[in-house]
Amino acid sequence: MNETIAAQATPFGPGAIALIRLTGEDSHAIAGKALRTDCERQEARTVKRAALRSSEGDVIDEVLVTVFRRPHSYTGENLVEISCHGGVLVVQRALDRLLECGARSAMAGEFTQRAFLNGKIDLTQAEAVMDVIGAQTDLALRAAQQQLGGKIGMETEDIRGSLLQIVAHLEAYIDFPDEDITPQTGEALVGQLEAVQSRIELMLATAEQGRILREGARVVIYGEPNVGKSSLLNILLGQERAIVSDIAGTTRDTVEEVVSLGGFPVRLIDTAGHRKAVDELERVGVERTLDKVAQADLVLEVVDSSAPRGQSLLRSRDKNSRSLLVLNKCDLPRHSDWNEHSEGAEISCADGSGLDGLIAAIAGVFAQGDGTWGQEAVAVNARHQSCLRRARGALGEALRQLKGGVGPEFVALDLRLALDAVGEVAGRVETEELLGEIFGQFCIGK
Ligand SMILES: Nc1nc2c(ncn2[C@@H]2O[C@H](COP(=O)(O)OP(=O)(O)OP(=O)(O)O)[C@@H](O)[C@H]2O)c(=O)[nH]1
Ligand SMILES: [Mg+2]
């Protein structure tokens with residue numbers, strides 16, 4: 001933590017400008033040495049022009065320098081930002097010079113890790129930094145920004161606060177039997193714990209939403225060969241991603257792309273047409289198709305409305321997964337088999353008709369339920385989910401015992417476990433291992 005670290009904060013490769021960041025106690029002195037200016041005197045949060053020079057005094061680049069003084073910086077430490085020209089060699093030479101002057105190369109996520117360790121942000125906010133960078137749709141970005149603003153951390157800390165009060169009271173009663181502390185007992189205690197329990201449930205209910213926001217809803221395009229599945233993928237993506245041909249069995253492997261449909265993050269998966277396979281390769285393809293269908297959040301079941309109704313409609317499919325019938329090729333005369341049908345979206349990949357309706361129907365499937373896709377989206381990630389599940393388990397055990405008639409002193413341990421698990425969400429009981437796992441996923445310089 002005492003070392004001063006340096007890294008390029010902008011992506012590697014040529015660009016107009018590259019940003020190099022230094023953080024740590026000696027960052028002002030180290031930058032000052034390479035720049036031959038007095039960064040320690042430079043007013044905080046002001047920009048100065050300077051020349052970054054090699055040890056021989058040759059100019060490596062003309063740069064702009066911004067100085068931050070602790071604790072008013074991203075990391076909470078003394079920090080310097082150097083904007084130089086965005087050339088690969090320029091940045092490399094500038095960084096080398098800073099290392100020569102006493103900095104060390106930063107590891108992935110080390111800047112944000114320091115921000116966390118110095119108490120500038122909690123762990124959920126640190127995770128949100130990566131969510132903001134990775135967001136591919138407006139919804140995902142909005143949820144990430146909410147989390148970056150501290151929304152999840154505040155909510156879990158609030159839950160933790162309520163639980164802490166209960167536990168503190170209980171432990172005081174246990175530890176100081178002579179002090180005449182009346183324990184919370186019976187229904188009052190059960191009621192308080194149930195209130196905490198239901199707040200945890202509410203947060204856990206957003207986990208599915210969190211996965212979809214971060215990874216995209218898995219929407220599988222399924223159907224018989226030649227109905228226009230790959231055509232649908234391409235038209236929704238707006239690019240010729242998959243091969244389209246009038247040969248049945250063109251698509252052999254699954255093709256996946258993330259796209260925003262009506263602002264909603266979707267992982268579209270094109271599959272091999274479902275039919276009795278004619279060769280080994282196709283058989284593997286069809287197997288893969290069924291795997292994808294089994295994991296889908298939504299199946300788009302595409303049929304050719306100009307052809308007879310086939311056999312392989314998914315009607316008998318796993319009842320849990322959702323599906324939408326899509327009648328394609330509506331530009332062609334309709335086959336009488338489809339005259340009767342009343343459900344499904346009617347589209348044509350040939351002339352683009354009906355697509356807006358289909359997109360709205362897809363977004364509609366996910367907007368159903370509690371409708372929390374609105375402004376207030378909080379969405380816990382897999383790590384939060386696992387902490388909250390542990391808390392729920394421990395609380396559930398305490399409640400079970402209390403309802404079974406045991407005295408409150410016997411559930412103190414379970415309540416402690418729940419307290420720790422809730423605290424872990426915001427990083428209260430962090431371990432080296434946990435931090436390594438989280439910050440290891442970051443980019444260098446973040
Ligand atoms: N007239 C018409 N033709 C279409 C439409 N959509 C797709 N096609 C044609 O149907 C044929 C099959 O399209 P694909 O998108 O390759 O069908 P697929 O379902 O991916 O087929 P497989 O990969 O073999 O399972 C191609 O010749 C497309 O040009 C449509 O809406 N109208
Ligand atoms: Mg195809």
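Reply: Let's start with Arg-36, which counts as exposed because it has 11 C-beta neighbours inside 10 Å (buried takes 20 or more other C-beta atoms within 10 Å, exposed 12 or fewer, partly exposed in between, with C-beta atoms placed from the backbone). This is a predicted model, where local features need pLDDT of at least 70 and side-chain atom pairs count only at pLDDT 80 or more, while totals for chains, interfaces and linings use all residues. Residues are numbered from 1 along each chain as its sequence is written, with chains lettered from A and ligands numbered from 1 in the order in which they are written.

Me: What's the phi of Arg-36?

Reply: It's positive, about 55°, although Arg-36 is not a glycine. Most residues other than glycine have a negative phi.

Me: And where is Arg-36?

Reply: In the loop between α1 (27-35) and β3 (47-53). Helices (H or I, at least four residues) and strands (E, at least two) are DSSP runs, numbered from the N terminus.

Me: Then Asn-226, buried or exposed?

Reply: Buried, with 20 other C-beta atoms within 10 Å. Asn-226 also has a positive phi, near 70°, and sits in the loop between β7 (217-223) and α9 (229-237).

Me: New topic: which residues does the cis peptide bond join?

Reply: Arg-70 and Pro-71, with omega about 5°. Pro-71 is in the loop between β4 (59-68) and β5 (79-86).

Me: How many bridges join β4 to β5?

Reply: 5, and the two run antiparallel; strands pair if DSSP finds at least two bridges between them. Val-67 stands opposite Val-80 in β5. Strand β2 (residues 15-23) also pairs with β5 in the antiparallel sense, over 8 bridges, and Ile-17 stands opposite His-85 in β5.
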